[in-house]
Amino acid sequence: MDMESSPKHNVEEMKSAEIIAKEVSPKHNVEEIEEKKEEEMKSVDIEELSRKPVVEIEDMMEDNEDEEMESIDIHEEEGDKIVTMDEIMSVDSDDDDSESSAESNNETTKAREESVDDRSGISHHSSSDTNSSTSSAWTEKAAAIKNFVRVKSEVAVHTLIRRLSGKLSVDNAAHGTRDDEVKSVDSPKTEGKSMWNPLSYLKMMQNDDDSVDREEDVALEPVVMKGRIILYTRLGCEECRECRLFFHEKRLRYVEINIDIYPSRKLELEKISGGDVVPKVFFNEELVGSFKELKVLEESGELQEKIKHMIEEAPPREAPLPPFSGEDDASSKGPVDELALIVLKMKPCVVKDRFYKMRRFKNCFLGSEAVDFLSADQSLERDGAVEVARKLASQLFFQHVLEENLFEDGNHLYRFLDDDPVVSSQCHNIPRGIIDLKPRPIVEIASRLRLVYRAILEAYTSPDGKHVDYRSIHGSEEFARYLRIIQELHRVELEDMQREEKLAFFINLYNMMAIHSILVWGHPAGTFDRTKMFMDFKYVIGGNTYSLSSIQNGILRGNQRPMFNPMKPFGAKDKRSKVALPYAEPLTHFALVCGTRSGPPLRCFTPGDIDKELMEAARDFLRCGGLIVDLNDKFAYINQIFHWYGVDFGNSEVEVLKHASTFLEPQFSEALLDCLVDTQFKLVYQKYDWRLNN
């Protein structure tokens with residue numbers, strides 16, 4: 001019988017790993033191994049095996065291979081000490097979770113099967129060439145161990161990253177398990193990928209929501225309609241807010257046209273309704289009226305008929321149209337900056353990668369090249385070209401790569417603002433690069449920003465400001481206008497701003513930046529993601545980059561050290577230190593909102609009444625759960641903000657309580673101050689709720 005087709009020969013090729021290990025060891029005799037092998041093979045019923053289905057035979061082979069692989073012995077040459085694979089598995093299982101070990105065992109079993117298949121092809125040569133068999137066996141064992149270590153390392157890295165990001169603790173709390181009892185998740189590695197990148201998993205976690213939140217989202221899905229509801233509003237109108245709440249309760253999608261944001265629509269409203277009184281509601285082309293008319297229709301039952309008609313009928317041509325992109329927006333209008341036009345022509349001619357002081361700088365140019373270009377393009381003498389280049393630098397179009405000088409004709413390297421690696425990679429208000437309009441005064445930009453911010457708050461937040469409709473903000477024309485406004489901040493002058501203007505501008509900008517970061521990156525799931533949000537999400541303002549942390553700790557806190565950070569945001573030579581307030585403003589902590597449920601409610605601040613509005617924000621925050629006092633038990637339960645930024649409120653817990661008591665009701669404030677004089681209060685900080693305030 002031919003050896004290749006013999007079933008007996010096929011079974012011989014499945015020689016166990018234990019026999020191979022014995023062949024490698026010099027203590028065993030080759031003849032004894034051959035005799036043992038023949039006795040084992042006699043017990044196999046070849047005819048019965050040949051009659052079994054192929055799938056059943058393969059299952060039997062895999063079972064035999066698993067049993068044989070458990071008995072692999074690794075011989076140490078120095079001490080003749082034997083370490084089994086089972087011992088390795090037991091040691092590793094102490095460090096990892098039980099489910100992670102199960103996952104790694106499955107991966108290791110596959111690696112074993114591959115190595116056993118490879119060994120089966122060379123096992124029949126062992127009796128004739130012992131040295132070749134020895135080297136092959138050790139190579140196969142090394143490959144199996146390598147695969148095993150790779151899988152275990154993958155699971156360990158995965159678990160570590162989840163712990164750092166805080167996701168593991170969230171999952172454990174949801175399932176009622178402790179960290180030391182947690183079961184590992186399946187490996188994110190998928191077929192077709194040679195290596196798993198844990199950073200991709202972190203990015204994937206950013207948009208994870210709780211199951212409860214998903215169920216609520218499904219329950220609040222709006223009614224699908226072919227028609228269109230138009231709601232005309234204006235800022236500060238209480239009846240307009242009632243109309244919004246009415247439509248939300250009915251789950252009716254509507255398009256809001258704020259006549260303060262779109263002044264041209266005020267004339268349209270006067271034409272079709274006979275006046276500019278708001279709110280005004282249109283169902284397609286039909287004028288329904290104000291909020292009172294809506295309530296009358298609901299009570300009479302006619303509202304359901306109209307909604308049914310809106311579901312089935314599309315709006316005709318005469319129906320009011322939604323606002324189009326850029327309508328009544330001053331961001332796209334204004335005088336053209338001639339210097340910006342020069343820069344747009346200059347960039348393609350001089351920018352490239354260069355070496356300077358033993359370092360490589362990308363996308364930069366020499367000062368002499370800039371002078372050469374300006375001399376040829378503007379028909380200037382060299383001295384005149386140098387003056388133009390210095391004017392470009394003073395207007396923040398470019399700066400020295402190491403900030404050594406303003407501009408000099410020579411071999412110094414300079415870089416355009418939008419070519420800076422930090423600006424181009426981390427700043428989210430410079431998507432179009434350098435704009436060709438002249439920069440407007442910061443006071444004008446802040447006023448327009450405040451107008452859009454108020455419109456977003458009134459249209460897409462709850463009446464108390466504690467909950468935000470992020471989904472509706474993302475596709476709104478108001479948010480698109482906000483994105484166009486912040487592009488005008490590239491080259492503005494900030495140093496001349498007054499204290500009140502600076503406070504209002506940076507508080508409002510901080511809150512909108514936080515909303516912008518959540519819409520772009522998703523809600524941070526853990527400590528790692530929150531740090532990334534506060535430190536890496538930036539805007540370029542006045543030629544410098546600002547993150548959420550630098551605005552809060554550098555500008556509003558007078559360049560104070562952030563929590564858990566030994567360094568101040570701005571160094572001694574940092575240009576941004578000139579913009580920082582001279583001292584910390586502790587009341588800003590009750591105005592800054594980073595998208596969490598334990599934070600204060602959103603509100604818009606104006607320069608004229610900024611101190612009064614900050615006092616109101618602090619009072620409302622502390623009276624609505626920020627500070628809970630039990631005078632009988634001498635117990636105070638206070639928000640975590642007072643712990644993180646305690647240095648802004650006082651040097652001790654007593655001083656913190658005294659500072660907070662000034663915002664309570666008068667009778668409680670006096671009683672608390674009397675107790676602080678005679679007795680010692682027990683101060684407990686509330687657990688901060690990092691969940692999204694959606």
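A crossing of two helices is left-handed if the near helix is turned anticlockwise from the far one by less than a right angle, and right-handed if clockwise.

First, the basis. This is a predicted model, in which local features need pLDDT of at least 70 and side-chain atom pairs count only at pLDDT 80 or more, while totals for chains, interfaces and linings use all residues. Residues are numbered from 1 along each chain as its sequence is written, and side-chain values use heavy atoms, with hydrogens and water left out.

The overall picture: the protein has 29 helices and 15 strands. Both are DSSP runs numbered from the N terminus, helices being H or I with at least four residues and strands E with at least two. Of the 694 residues, 46% are buried, meaning under 20% relative accessible area with a 1.4 Å probe and protein chains only; exposed is over 50%, and partly exposed lies in between. Contact means heavy atoms within 4.5 Å. Taking contacts between residues at least 6 apart in sequence, 70% join residues at least 24 apart.

Now helix 23, residues 499–521, and its packing against helix 20, residues 442–460. Their axes come within 10 Å and cross at roughly 45°. Axes here are lines fitted to C-alpha atoms, for helices over the stretch in contact, and angles run from 0 to 180 degrees between N-to-C directions. That makes helix 20 oblique to helix 23; under 35 degrees counts as roughly parallel, over 145 as roughly antiparallel, 65 to 115 as roughly perpendicular, and the rest as oblique. The crossing of helix 20 and helix 23 is left-handed. Helix 20 contributes I442, V443, A446, L449, R450, Y453 and I456 to the contact, and helix 23 contributes E501, F505, N508, L509, N511 and M512. By type, the residues of this contact are 9 nonpolar, 2 polar and 2 charged. Nonpolar is Ala, Val, Leu, Ile, Met, Phe, Trp, Tyr, Cys and Pro; charged is Asp, Glu, Lys and Arg; the others, Gly among them, are polar.

Helix 23 also packs on helix 25, residues 548–556, at about 160° with the axes 10 Å apart. Helix 23 is therefore roughly antiparallel to helix 25, and this crossing too is left-handed. From helix 23 the contact uses K502, L503, F506, I507, L509, Y510, M513 and A514, and from helix 25 L548, I551, Q552, I555 and L556.

G554 lies in helix 25 and is buried, at 0% relative accessible area.

Last, aromatics. There are 26 aromatic pairs; rings of Phe, Tyr and Trp (its six-membered ring) pair if their centres lie within 6.5 Å, with planes under 30 degrees apart stacked, over 60 edge-to-face and the rest tilted. Y232 and F282 are edge-to-face, 5.8 Å centre to centre with 70° between the planes. Y232 sits in strand 3 (residues 229–233) and F282 in strand 5 (residues 280–283), 50 residues apart. Both are buried. The rings of F365 and Y414 have centres 6.2 Å apart and planes at 35°, so that pair is tilted.
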